[in-house]
Amino acid sequence: CYKQAIAIYKQIYTRDNYKIGNIYNHIGLLYIDISDYKKAKEYFLIAYRIYDDIFQSSRVWSIDYMSVCNNLGFVLVAKKLRVFSPYPARIHLLEVI
């Protein structure tokens, strides 16, 4: 379903449209929900590159850009802590801090 959304969005918008980045970010979140951090990271990196191209050149930061950075950070920390669900990871991170 999300792959179809990407195809449709790519027909409507150019690659440098943040809405395409949103789709990739949301796909990454779905992979987190099923604990596939490797796939989640792949999709977050695609979204990150899209947002980075858009927002670095304009020096405007968006909530979408910050969100994907947060999601990438979560994936990297969860992988390091070997946590298999995003919710216990957040609880564990709070305990560590």
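**Aromatic pairs and a buried asparagine**

Let me begin with N25, which lies in helix α2, where helices (H or I, at least four residues) are DSSP runs numbered from the N terminus. What we are looking at is a predicted model, in which local features need pLDDT of at least 70, side-chain atom pairs count only at pLDDT 80 or more, and totals for chains, interfaces and linings use all residues. Residues are numbered from 1 along each chain as its sequence is written, and side-chain values use heavy atoms, with hydrogens and water left out.

At 5% relative accessibility, N25 counts as buried, the term meaning under 20% relative accessible area with a 1.4 Å probe and protein chains only. Leaving aside residues up to four places away in sequence, N25 touches F44, A47, Y51, S67, V68 and N71, a contact being heavy atoms within 4.5 Å.

Now to the rings. A search of the whole structure finds four aromatic pairs, meaning rings of Phe, Tyr and Trp (its six-membered ring) whose centres lie within 6.5 Å, and planes under 30 degrees apart count as stacked, over 60 as edge-to-face and the rest as tilted. For Y24 and Y43 the ring centres are 6.0 Å apart and the planes at 25°, so this pair is stacked. Because Y24 lies in helix α2 (residues 18–33) and Y43 in helix α3 (residues 37–58), the pair ties together parts that are 19 residues apart in sequence.

Y31 and Y43 are also stacked, because their ring centres are 5.6 Å apart and their planes at 10°; this pair links Y31 in helix α2 with Y43 in helix α3, 12 residues apart. Y43 itself counts as buried, at 11% relative accessibility, and Y24, Y31 and Y43 form one aromatic cluster.

Methods
Helix = DSSP H or I, 4+ residues; strand = E, 2+ residues; numbered from the N terminus. Buried < 20%, exposed > 50% of the residue type's maximum accessible area, 1.4 Å probe, protein only.
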